[in-house]
Amino acid sequence: MGQRRCATTLEPEMTDLELAGLRDWLGRFDLKGKHLEVGTAAGGTLCFLMNCYEEGRRPPFVVVDRMTYFEDQMGVVERNLIGHDLDARSVDFNTMSSSEAFEHAHRTADRFDFILIDAAHKIRHVMADLRWLRLLNVGGIACFHDYAPRFKGVQWPIDRFLNRNPHFSRVGQAGTLLCIRRDAPPSGREVTMADRIWSILWSPVLQLRQSICKRLNRGDLGS
Ligand SMILES: C[S@@+](CC[C@H](N)C(=O)[O-])C[C@H]1O[C@@H](n2cnc3c(N)ncnc32)[C@H](O)[C@@H]1O
């Protein structure tokens with residue numbers, strides 16, 4: 001388990017521009033249903049999101065994370081929440097993989113008004129994480145971090161998803177944070193078996209590309 005800067009700074013792994021985008025979108029849409037963050041690191045962005053709402057008007061927050069990003073990750077997140085005058089017990093923490101949590105949420109017909117996806121950035125994982133959108137209410141919004149040409153593993157599956165699911169529209173982009181909105185309910189599977197196979201086939205290609213880029217010392221993270 002490596003150490004991460006955010007484990008000591010407790011800061012969000014997002015830029016000020018991206019955080020301003022989040023605040024703007026949450027203010028623009030009147031979202032009262034559950035808010036979900038998939039991948040929380042030190043909980044910096046979680047604290048920011050929760051503090052976008054006044055106490056008493058704050059929707060329920062759910063977090064999914066393996067909590068193996070750095071030593072004592074759960075303890076660090078809890079201390080971060082306390083430091084922001086937030087009650088850690090008010091957050092529903094699901095310490096498991098995103099896929100396990102999705103299967104459970106799908107089985108129990110959980111629904112969300114807001115979803116932030118910022119977990120594994122490999123193409124096959126991002127495609128799998130796009131399944132969470134099936135649980136997004138109509139009118140709800142979803143944000144994806146690291147949506148940029150240098151993160152092909154993130155950008156490609158999202159572009160494919162949006163091309164094949166025109167009942168989602170783009171709300172905007174702040175830095176590498178993309179915001180989309182569900183305009184209509186699902187009429188079938190939004191992430192199909194063909195999508196999953198497509199992402200699995202691209203995975204080793206992007207992995208190889210990333211290794212070559214690293215060797216050539218370029219910051220292109222194409223996995
Ligand atoms: C980039 S960090 C999240 C940053 C955070 N959203 C922020 O803005 O500060 C990625 C997080 O996702 C978690 N993660 C990565 N892959 C995961 C998976 N497959 N299932 C659950 N959590 C995962 C890691 O433990 C880590 O905490």
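Predicted model: local features only at pLDDT ≥ 70, side-chain atom pairs only at ≥ 80, totals over all residues.
Colleague: What makes the radius of gyration agree with a compact globule?

Modeller: Take the 223 residues of the protein. The rule is 2.2 Å times the number of residues to the power 0.38. A compact globule would therefore have a radius near 17 Å, and the protein has 17 Å, which agrees. Its C-alpha trace spans about 45 × 45 × 30 Å along the principal axes.

Colleague: What share of the residues is called buried?

Modeller: A buried residue has 20 or more other C-beta atoms within 10 Å of its own. In this protein, 42% of the 223 residues are buried.

Colleague: What is the strand order in the sheet?

Modeller: The order is β3-β2-β1-β4-β5-β7-β6, in an open sheet with mixed pairing.

Colleague: Why are β3 and β6 said to stand at the edges?

Modeller: Two strands pair if there are at least two bridges between them. β3 (91-95) and β6 (168-174) each have a single partner strand, so one side of each is left without a neighbour in the sheet.

Colleague: How do you know that β4 and β5 pair?

Modeller: At least two bridges are needed. β4 (residues 112-117) and β5 (residues 136-144) have five bridges, in the parallel sense. I117 has F144 in β5 as its bridge partner.

Colleague: Which residues are closest to the ligand?

Modeller: The closest are E13, G39, A41, T45 and Y69, in a shell of 19 residues. The shell divides into seven nonpolar, eight polar and four charged residues.

Key: Residues numbered from 1 in each chain as written. Near = placed C-beta within 6 Å. Nonpolar A, V, L, I, M, F, W, Y, C, P; charged D, E, K, R; others polar. Buried ≥ 20, exposed ≤ 12 C-beta atoms within 10 Å, placed from the backbone. Helix = DSSP H or I, 4+ residues; strand = E, 2+ residues; numbered from the N terminus.
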